[in-house]
Amino acid sequence: MSNNLLKGKRGIIFGALDENSIAWKTALRVHAEGGTFTLTNAPIAMRMGKINELASTCGAEVIPADATSETDLTSLFTKSQEILGGKLDFVLHSIGMSPNIRKGREYGDMNYEWYLKTLDISALSFHKVLQTCEKLDALNEYASVLALSYIAAQRAYPDYTDMAQAKAMLESIARSYGQRYGTKKKVRVNTISQSPTRTTAGAGISGFDVFFDFAQMMSPLGNASAEDCANYIAVMFSDFTRMVTMQNLMHDGGFSSAGISIALVDRLSK
Ligand SMILES: NC(=O)c1ccc[n+]([C@@H]2O[C@H](COP(=O)([O-])OP(=O)(O)OC[C@H]3O[C@@H](n4cnc5c(N)ncnc54)[C@H](O)[C@@H]3O)[C@@H](O)[C@H]2O)c1
């Protein structure tokens, strides 16, 4: 089903690694809604993933860029405008990685070089994207810039370790840059806080299946899927949400407002 919600809009989608990625589902949805875009990912992910498959389905060009490199980002935003034929209307930052989580380090045994890498890749890169856009004047008025967050920015989750700080910082950057960019050029900046989702990044967190099931039982609507998230992103890229900015938008089936659910009471009473 398509409503041509994004007809005539141009953008960049970061972070499509494989068909489970939230960015992958988003690319398919944005394409179906009439948007045009370039796809990008870290050069190393190009070799591991299947982004070219997605690119041919969507008629998109792929431009490798490490989101922590200002040089790569400048080249990405310059080339994307050339390819797409003008300034951009949407950007999805769908990027997260913690070397500490990858290597199984506990929160009391952090490697601080890796900790800084987590913050650089998963949060500071969002600032770099926004600053690059501003310096190049790459965005149209009412352009929508989105990053993906997780509720561990507000609540403690033992196995999410340094990613919790990265998400708190990411949400803070959306507020601070949203204020600046909104005032200067009516650009809006938001984060979407998504339910646990079975992707490479999600499933890399130890105990993922347990907190996926827990969130599923706690949320009145159940967990939001990657497809649901892609639909929400399309709406956030559209003109129907042009006054929404500086928000962390919960996309979690109601999880964040629930105290306990009947399903969990029943389970724990046994
Ligand atoms: N999966 C979940 O449970 C969940 C829940 C809430 C939020 N999120 C967030 O959603 C976003 C997308 O993750 P996903 O679940 O689709 O997993 P994913 O593993 O498919 O995507 C993560 C992407 O980040 C990219 N990346 C890593 N380092 C990079 C770098 N230096 N430069 C550019 N790209 C880089 C990876 O190549 C990958 O494509 C992340 O921010 C993640 O934290 C995920």
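**A walk from the strands to the ligand**

Let's start at one spot: I12 has V91 in β3 as its bridge partner. Keep in mind that this is a predicted model, in which local features need pLDDT of at least 70, side-chain atom pairs count only at pLDDT 80 or more, and totals for chains, interfaces and linings use all residues. Residues are numbered from 1 along each chain as its sequence is written.

Strands count as paired here if DSSP finds at least two bridges between them. V91 also has a bridge partner in β4, namely V145. β3 and β4 run parallel too, joined by five bridges. As for β3 itself (residues 88-93), six of its six residues are buried, so the strand is largely enclosed by the rest of the structure. "Buried" means that 20 or more other C-beta atoms lie within 10 Å of the residue's own; 12 or fewer makes it exposed, anything in between is partly exposed, and C-beta atoms are placed from the backbone.

Step back to the protein chain as a whole, and you'll find eleven helices and six strands. These are DSSP runs numbered from the N terminus: H or I over at least four residues for helices, E over at least two for strands. The radius of gyration is 18 Å, close to the 18 Å that the globule rule gives for 270 residues, so the chain is as compact as a globular protein of that length. (That radius is taken over C-alpha atoms, and the rule is 2.2 Å times the number of residues to the power 0.38.) Of the 270 residues, 45% count as buried.

Now for helix α1 (residues 22-32). Eight of its eleven residues are buried, so this helix is also largely enclosed by the rest of the structure. Among those buried are I22, W24, K25 and R29. After α1 comes G34, with a positive phi near 95°.

α1 also leads us to the ligand: α1, β4 (139-149) and α8 (200-203) each supply at least two residues of the shell around the ligand. α8 gives the largest share, three residues. Of the 27 residues around the ligand, S21, G96, T199, A201 and G202 come nearest; to be counted as near, a residue needs its C-beta atom, placed from the backbone, within 6 Å. By class, the shell has 14 nonpolar, twelve polar and one charged residues. Here Ala, Val, Leu, Ile, Met, Phe, Trp, Tyr, Cys and Pro are nonpolar, Asp, Glu, Lys and Arg are charged, and the others, Gly among them, are polar.
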